[in-house]
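Good morning, and thank you for coming.

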Amino acid sequence: MRRTLGLATILALSAGCGEQRAELWDAPASGENVAVHALRGSAAVVDVVGERVIFATPESTDSLAFAQVPIEHGHATSAATRDGERLVVLSRGDVPRRRADDQGPSLSVIDSRTSPPKTSRYELADPLSGLELDPTSEYAVVYPSKSDASFVQNPNELVLVKMNEPPSEDNPVPATIRSFGGRPEGFTFTPELSLPGGKRRLLVVRTDRDVALIDLDAPGKPEITVKLTTGAVAPKPASIAVTDGELDDENDARLAVRMEQDHNVILLDLLPTPGDKVQTSPHSFLPVPNIVDVGGTPADIAFGQTDGGLRLLAAVPSKSALVLVEPSTGVTTEIALGAPFEKISIVTEIVGETANGSDVALLWSTSSPVIAFVALGATVGTPYKSVERLQLEQPVASVLDVPAPNSDLKLLAAADGRSFVVLNLIARTASPLLSSTYGTQAMASRDGERLWMFSEQSSSLALVNLANLHPQNLELNYPVGRTFDLERKDGGHALLALHTAGTMGISLFDAQKPSLDESTEYLGILLGDYQ
Amino acid sequence: MKRATKLQTALLALAFSSIATGAMAQPKPAAPAAPSLPAGDAPAATPPAPAAPSPSPSPPAAPSSPDASDGPVPEESRGPVRAFEVGPARTAPARKVAPARAAPPDSATEYSVPEEPSGAAGMAGEEPAAEAPVEPPARPHNQYFALGLGFRAGVVSNAGYDPYSEDNTLPAATLFGTFTPFSTRPASLHLAFEWDFGGASATARGLPSSLGMHRLALGLEGRYAPISRISFFARAMPAAIRVSGTIDDTALGNKLETASWTWGVDFTGGAAARIGAVGDRDRPKVSFWLALDMGYRFAGSTKMRFRPGDLTEDDQTRSFGEIPLADLDLSGFISRLSGSISF
C-alpha cells in the first residue's frame, strides 16, 4: 500500500510535466520577427515565429475581424502584390530536411479576396530568399539572395512563378541565366512590348556586370544575356528604362541601361533576329547595343516624348543638366537646369501633354532644395521649351504618389522626416506641411482623398484632407508604426493605426471621420488565435 | 517560476506521501493493544454486556464484521448496529456488568449477544431485581461530517493552456467536505462539496501570463469501508469552473485580462486511510484521514477573450475590442492528495 500510494502520487504529478507547450509561446514578440503589409481590404501581419499571417479586416466603424492563415516553415520574405489583393510568402522550409514530413521550400500566394483567405502553394527545388513581384501581379521571381548560403549554389538560378496559374509541372519554371561572373541584383518587368514576333513582356535581370532578358511568354526559352563590356573592369548596371516606341512599330522597342560611375548609357534596340541567326536563335528578336556618352554620370534615366520624337532623358547632376539622347542615332542634346537634379519622373499622364503632344518631366534633387518641371515640347535644335523651377525649403528625399482623383498631387518628403511639401503638378504650387517630430512618415489613402502622417516616436496621428490640406491631429495612446487606409466591408473606409510595441495593437477609426470617441483599440494582436 | 511551482508541488506531494506511509505504519502495533484496554478506559467504547434477553435480529452482523479479523471495530459501522442492540437494553432489566467485564477482550465478542440471554444470565445465577440500576450505555458516536484540505494536480493537454503554463500541469489547492445523511455500513452515500483554487503562470511570447481557476462542485460520494481504517470511495462532482487569465503587456503598458465560467464534471475514485483519532479508538469522535484519489475531469471549453483590465478613470472612455486566445478546455486526468477530518 505504501508503495502504491507513493507511486500514484508521483504519477499524478508527473503526468502533466512531460509535454511541452508550443514553441510559439516561448519566443518573445519582436518587431524583427514580424512583417506588415497593406492589402486592399485588410492589414496583413506576418508572424514569423507563429508561422502564420494574421489578417485584420475592418467590418464596420468599430469592429475588426481577424483571420489567420498558416505559412510554411522557414519564412524568408514576404510581399504584397501591387493590386493589394494577394500576399506572397517565400519559405525556405525545414533546412536541412531530415524527415519525410519536413517541409520543402515553397512560395505561398495567399488570396485575401476570399474568406477565409485561400493559399496556393508552389513547391520550389531549393531554399532561396530573394523575391521580386511583377507590378501587374502576374509573376513572381525567386532568386538566391546574398544571404543564402547553401553548400553549393548557383547564384544565377531563378525560379519564375506564374501566380495566376495553379501549380503544375510547368509552373514554377526554373531558369538559369548565363552570366559572366555576376549574380542577379535587380529585376525589371516590362510592360507589354511590340516586339518582332508579337507582343510580349520581358523580364530584365540586372547582375552586377551584365543584363539578361527573359521572354515571359516563353520562359522556358533560353534567356538572352547582354555582356556590357569586353574590358577588364565591368561596369555595374544601375537601372533600366523601357519604351515600346511608336504604337504600332514592332521594331522600335528599346531598353536603356544606366551604369554606376559611368558616363555611358547603353541602349538596347530590340530588333528582329538577323537572317543568319534565325536558324540558331530560339527568339524572334535580339538586342542590339548602342553605347552613348551623356557627358557625365547620369543619376536617373527615362524615356520621354518630344515633338521631335522619342528621346532618352538622362539627369546628369555634375552638369546640372538634362541630357536628351536620340535613341536611333545616339545624338545628345543638353537642357541646362541650373541645379543638379537626380530623379526624373514623367508626369504627362497627370498634368496632360503639351500642346504639341510631348511629355512633361518632373525633376527633383536629394542635394538641392529645388524641383523643376521640364516641358519637352520643343523642336529639335532648341530642345527645351520651358523649365520651371520651384524653390523648396529642403531637398527632397522621397516622393509619394497620390492615387486618383488627386493624382495631380505629390508629397515630397525631406530627409529629416519633419518637412513635407504637397506639390500640385498642375498649379505648380508647393504647400508645406510641417511635423513636430523627426521621422514622420506619410501614407496616401487608396482612394486618393487623404494623407495619414505618423511617427514611431510619437503617439500622434494626423489626417490631411487633400481637398483643402487641412490637418486633423489625433492623440492616440501608443506610438504608431504603420497606418492602413482600408476599404470596409460596409463600403466605407477604415483607418488602422498599428502599434508595433510589445505584442502589437491596432486602433481602428472611421477614416473619413476619425474620432477618438468612436475609435476601438485591439491590444495583443500577436497573442490571438484567430482560427 | 513555473518550475519552482512544480518543484514545490512535487515536494509537497512527497511530504504528503511520507506522512501517508508513516501513518499507515502506525495502526499495526496499535491493533493488538486494543483488546487489552481496560474496560474502564473506554466506557463508551465498551458498553456493558447487552442486557436484552431476547435475541436480537442483528447479532449475526457483528461477528461477520470484517473488523473481527482486524481487531478494532469500525466506529461508524458500529453506530447503527449498537443503536439497534443497545436500544432494547434500556427497557430491559438491568444486568450485572461483571460478566461483561470478564468477557474476552475481543470487541467483536463483546457484541456477540446471542448467547447471553440464556447463557450469561443463567451462569451468573443472580437475581436481576436485586442489582443496582446500571448506567445506560453510551450512545455510539456517529460521524456525519468531514472536512478536508489537499492538493490537486490536473493534466491539461489542451493547446489553449499553453499561454499560461510551460507544461500541462494545473496545480490547485482543494477544500472539500462531506455530509452523511444516512449512516450505513459498510457502504454509504454522502453529499460532497469541493472548492478548488489553483492556477499557473508562465510567459506568453515574453510577457508574464497567469491563469487562475476556481471550481465549485457539489455531488455525491459513494463510500465502502471494509475495515475501520480504510475506506474506498468514488465521486461524481458536477462543478462550475471560473477561469481567469492575465497577460501583462509591459511594452504597451496594459494588463490584458479575461474571465469566464464553464462547467465540469469530475469522476474520481480513491482510497482513504485513517491515520489518527480523538477519543475512543474504536468509536472516536474525531478521525483523521489521508486520502488519494484519481480520475478524469470533463470540462466545457471556455472562450479566452482578452482586453485591458487595469484601466484608470481616464481610460474609461476608451473602447476596446477583444483578442481571442485559443479556447481553453480543462478536461484531463486529475489526482488529489488530501488530509481530512471527520466528526
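I will cover confidence, chain A, its strands, its aromatic rings and then chain B.

Please note that this is a predicted model, in which local features need pLDDT of at least 70, side-chain atom pairs count only at pLDDT 80 or more, and totals for chains, interfaces and linings use all residues. Residues are numbered from 1 along each chain as its sequence is written, chains are lettered from A and ligands numbered from 1 in the order in which they are written, and side-chain values use heavy atoms, with hydrogens and water left out.

Let me begin with confidence. The scores for the model are ipTM 0.82 and pTM 0.79. For pLDDT, the predictor's confidence in each residue from 0 to 100, chain B has an average of 71, and 58% of its residues reach at least 70. Residues 1-129 of chain B stay under 50 in pLDDT. For that stretch the model has 175 contacts beyond four places in sequence, a contact being heavy atoms within 4.5 Å.

I turn to chain A. Its C-alpha atoms fill a box of roughly 110 × 60 × 40 Å along the principal axes. The secondary structure comprises two helices and 42 strands; these are DSSP runs numbered from the N terminus, with helices being H or I of at least four residues and strands E of at least two. Of the 531 residues in this chain, 54% are buried, where buried means under 20% relative accessible area, exposed over 50%, and partly exposed in between, with a 1.4 Å probe and protein chains only. Among contacts in chain A between residues at least 6 apart in sequence, 44% join residues at least 24 apart.

Now to the strands, which pair if DSSP finds at least two bridges between them. Strand β7 (residues 106-111) and strand β8 (residues 118-123) of chain A run antiparallel and are joined by six bridges. Six residues lie between β7(A) and β8(A) in this hairpin, and A:I110 has A:T119 in β8(A) as its bridge partner.

Four bridges connect β17 (residues 210-215) to β18(A), and A:V211 is partnered with A:V226 in β18(A).

Next, the aromatic rings. Over all chains there are nine aromatic pairs, counted for rings of Phe, Tyr and Trp (its six-membered ring) with centres within 6.5 Å; planes under 30 degrees apart are stacked, over 60 edge-to-face and the rest tilted. The ring centres of A:F66 and A:Y522 are 5.5 Å apart and the planes stand at 70°, so this pair is edge-to-face. Because A:F66 lies in strand β4 (residues 63-70) and A:Y522 in strand β42 (residues 520-523) of chain A, the pair ties together parts 456 residues apart in sequence.

Finally, charges over rings: NZ of Lys or CZ of Arg must be within 6 Å of the ring centre and within 35 degrees of the ring normal. A:R418 lies over the face of A:Y438, at 4.8 Å from the ring centre. In chain B, B:R336 lies over the face of B:F176, at 4.1 Å from the ring centre.
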